[in-house]
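Q: Can you walk me through this model, chain by chain and contact by contact?
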Amino acid sequence: MSTAIESKETRNYLNAGYDLKSWLLTLDHKRIGLLYLFSISFFFLLGGLFAVGIRLELLTPPGDLFQSETYNKLFTMHGIIMVFFFLIPSIPAVIGNFLIPIMIGARDLAFPRLNLLSWYVFMVGGTLAISAALMGGIDTGWTFYTPYSSTYSNSNVMVTAVGVFITGFSSILTGLNFLVSIHRMRAPGMTWFRLPLFIWAHYATSLIMVLGTPVVAVTILLVGVERMFRIGIFDPALGGDPVLFQHLFWFYSHPAVYIMILPALGVMSEIISTFTRREVFGYKFVAFSSVAIAVLGFLVWGHHMFVSSQSVYASLVFSIITYLVGVPSAIKVFNWLATIYKGSVSFGTPMIYAFGFIGLFTVGGLTGLFLAAMGLDVHVHDTYFVVAHFHYIMVGGAIMGYLGAIHFWWPKMFGRMYPEVPAKTAAWLVFVGFNFTFFPQFLLGYLGMPRRYHQYPEEFQIFNVMSSIGASVLALGYALPVFYLVWSLKKGEIAGANPWGGTGLEWKTPSPPPTENFEETPVVTEPAYSYHKEEFELVKS
Amino acid sequence: MSDTTHHVVPVRVYLLVFASLLVLTYLTVAISYVDLGVFNALVAMAIAVTKAMAVILWFMHVKYSTRLTKLCVGGGFLWLMFLFALTMMDYISRNWKF
Amino acid sequence: MSSHSAHATAGHPAALLHQFDTADQQKDASTLGMWLFLITEIMFFGGLFIAYIVYRNAYFDSFVAASHTLNIPLGTFNTTVLICSSLTMAMAVHSAQVGNRSRIVLFLVLTLILGAAFLGVKVIEYADKFEHHHVPGPSFQFTEGGNPKNAELFFSLYFGMTGLHALHMIIGAGILLVLIFNASKGWYTPEYYTPVEMFGLYWHFVDIVWIFLFPLLYLLGGHLPPGSGGH
Ligand SMILES: [Cu+2]
């Protein structure tokens, strides 16, 4: 069997052309996915370097390494690069781009040119953000709160804002392309309830990209206009209301959290079902919970504004709806646990990430409920408790999901297996390092250490040192895959079409797939995750 | 799943929609010269929504389109209402210059 | 399958792109894509509309005074122009559906002329604002009633919203030029007129935005006595 696959490897999307033009002008969704992979890996490194600066400064209580202005720029650029240029495009633009057409049995996305355009748009936005950093950085915090950003800050707000504005359109185009493709490009027999849950998750994600991103785009535009022409849309000195900025900003930026986490939730369903050899328990509940999270996610933004002079009555409503988001999130976690229960579990690297994800996502989600409580939020607002909470979701959730996905589909993308031992080591380093970095921050926050300061009282040092040590371990865990994954490109074991014994369409085409994805258009006759009993028994014995 | 049953709308219908759009425009201008208090805004918005609906249903063919297209249009405006309603929920219940 | 990889994009634009199986599928995808794009436009303008709603309620008197300085007859004229252009656009799509090629060109040209007329009137109105120092910024002056600071906010929103609307018209005019060129070469037939139809959706959307902008911006102060605001 493996020889048959090897001979087919003579023609695939990777060897379809070697010159630069065949990459930079490609319309193949798989190649565009790889273009994103390289670009966002670079942004991840950049955002990580800013984090190194933050953790070094916080090793000691006095502000001795950086001046406060420099420190402000470090955490701002860490946030902007990580959120807009790494987390939001991460799983959708890399893994989603690569897999969505294959999983639904299509030859490509509905609009391949638009897909390539969105990568170029992303790169233009990213270049502007980097040039802003080179010109001296920006110090507003990733949230661009007015009137500081629109009137008082002397840093490079304009260039960064334009960069984020432009990148937003890349996200819109990607979401639009995914939605149309999932609606119109499914293979014969691929009904809505036969779609892999990864697709449902990306459908929900794309809805948020299309419906939310334009609002933040126009908001940033207004900030830019206000800064340039000195008019007062958000400036209280000129009659504007800065809280309106917060409404508009969080209308997108709360759902944006789900742009980061929903694709990871989809990845988890794929990994867990494959590594337990079972159908995902309660398929329809998990599918609809993705859509429910996307919809409810638009109705809760005011929980960021409990102490921003938002009316208490509005806060009350936002608080209650925020609790409701816990329901679909919990449905997912419980259904995964029910899938694992009595499943035939094997502990490959992706599954280690999946277990880590379930734990960290649960902690992140539950602490989110703390923050949704209006009373408690007053105590922990703008403290390290908040920082720890959203890093549990964004790093513990989204990045664990991203790494899990990279390992899970690496054999599909490049036709080679990664080496299992270093991969498992890295997964454990990430899990341990992550918890060492961010768990102490819950304690710090609860004890009252505010975020965004470069110095702190001495009694907080022990937790900050733990956090910085944990961050070094985490960095090691992130660096390791770069080496063994690159190594595996040439030296890894040949993967074959279906190394994990998965049931999705992506496993029914050679690895790496041919440019047209399938030799002939597949016809789907079964629901997703049809792991048969015989096979189940076979694997068990 | 096809939008491609090209429904050809008769020219007569287009002209009718066009005429009503013009009539409604002049009506809304005329009413604006009368002081109706808060009702000025309500009437103006009611007329604007009616005009928009006419454009969407006939000029943009949504009346003859698939359920998916209708869902798209409805969804878009629903989300706009989310933005308006939840933002205004704050402003009308807080003491800010009102 | 390998014949697919040699792209079928060359030649006539109506050719089926390689990722699609049928022409119907291709057209359905374009339609859905266009509607989703229009939704993003709704949300984009939505941010400006909510800002308008909030400040109109907060500074009602100043907004009325500022609105009173806008030229209602010109605004009404422009609304009429835009509604006419929507009709000609709808007729262009209609002509494509029934296969009358020369009338496609005719109606697209009419649409372009009407769009240009709208923009021309807008230029006159903007020039008037510059003359009266009603443009937000350091030279802004407002003596026609209300709080000048808040009237400035009205004009900020006025220029923001009508400016963004005008930008959409300008982009639309550019696309119209391309469509007219292609239509004159006889590209659009009853079997393939997707670009005309999709552009029609865009143009009507821009019309709808104006349908809301006109009463919100121009008609706030109509009932005030004519002398109370200075033209
Ligand atoms: Cu939130």
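This is a predicted model: local features need pLDDT of at least 70, side-chain atom pairs count only at pLDDT 80 or more; totals for chains, interfaces and linings use all residues.

Q: Start with chain C: how many helices and strands does the secondary structure come to?
A: Chain C has seven helices and zero strands, so that, read from the N terminus, the elements run α-α-α-α-α-α-α.

Q: And what share of chain C is buried?
A: Of the 231 residues in chain C, 62% count as buried, and the accessible surface of the chain comes to about 8100 Å², with 67% of that belonging to carbon and sulfur atoms. Taking the contacts in chain C between residues at least 6 apart in sequence, 79% join residues that are at least 24 apart.

Q: OK, over to chain C and chain B, what area is buried there?
A: About 4400 Å² is buried between chain C and chain B, and carbon and sulfur atoms give 78% of it. On the chain C side, α2 (23-58), α4 (72-98) and α7 (194-218) each supply at least two residues, and α2(C) gives the most, with 21 residues. The contact takes 52 residues from chain C and 52 residues from chain B.

Q: How many salt bridges and polar contacts across that one?
A: The rule finds zero salt bridges between chain C and chain B, while two residue pairs are in polar contact.

Q: What about chain A and chain C, how many residues take part?
A: That contact takes 43 residues from chain A and 36 residues from chain C, and the two chains bury about 3100 Å² between them, 71% of it on carbon and sulfur atoms. In chain A, the residues that lose the most area to chain C are Arg107(A), Arg184(A) and Glu516(A), together 19% of what that side buries.

Q: Which residue does Arg107(A) form a salt bridge with?
A: Arg107(A) pairs with Asp21(C), the closest N and O atoms being 2.8 Å apart, and the count between chain A and chain C is one salt bridge. Across this interface there are also 10 residue pairs in polar contact. The helices α6 (112-134), α8 (157-184), α9 (197-229) and α10 (242-276) of chain A each supply at least two residues of the side that touches chain C, with the largest share, nine residues, coming from α9(A).

Q: Switching topic, which residues form the nonpolar patch on the surface?
A: Leu45(A), Leu49(A), Val52(A), Leu56(A), Leu59(A) and Leu65(A) form it, with about 530 Å² of accessible area together.

Conventions:
Residues are numbered from 1 along each chain as its sequence is written. Chains are lettered from A and ligands numbered from 1 in the order in which they are written. Side-chain values use heavy atoms; hydrogens and water are left out. Patches are made of residues with over 30% relative accessible area and no salt bridge: like charges are joined within 9 Å, nonpolar side chains (Val, Leu, Ile, Met, Phe, Trp, Tyr) within 5 Å. Accessible areas come from the Shrake-Rupley method with a 1.4 Å probe; for residues, only the protein chains shown count as cover. A salt bridge is a side-chain nitrogen of Lys or Arg within 4 Å of a carboxyl oxygen of Asp or Glu. Contact means heavy atoms within 4.5 Å. Buried area is the accessible area (1.4 Å probe) that two parts lose on being put together, summed over both. A polar contact is a pair of N or O atoms within 3.5 Å; within protein, one must be able to donate a hydrogen and the other to accept it, and residues adjacent in sequence count only if both atoms are side-chain atoms. Helices (H or I, at least four residues) and strands (E, at least two) are DSSP runs, numbered from the N terminus. Buried means under 20% relative accessible area, exposed over 50%, partly exposed in between (1.4 Å probe, protein chains only).
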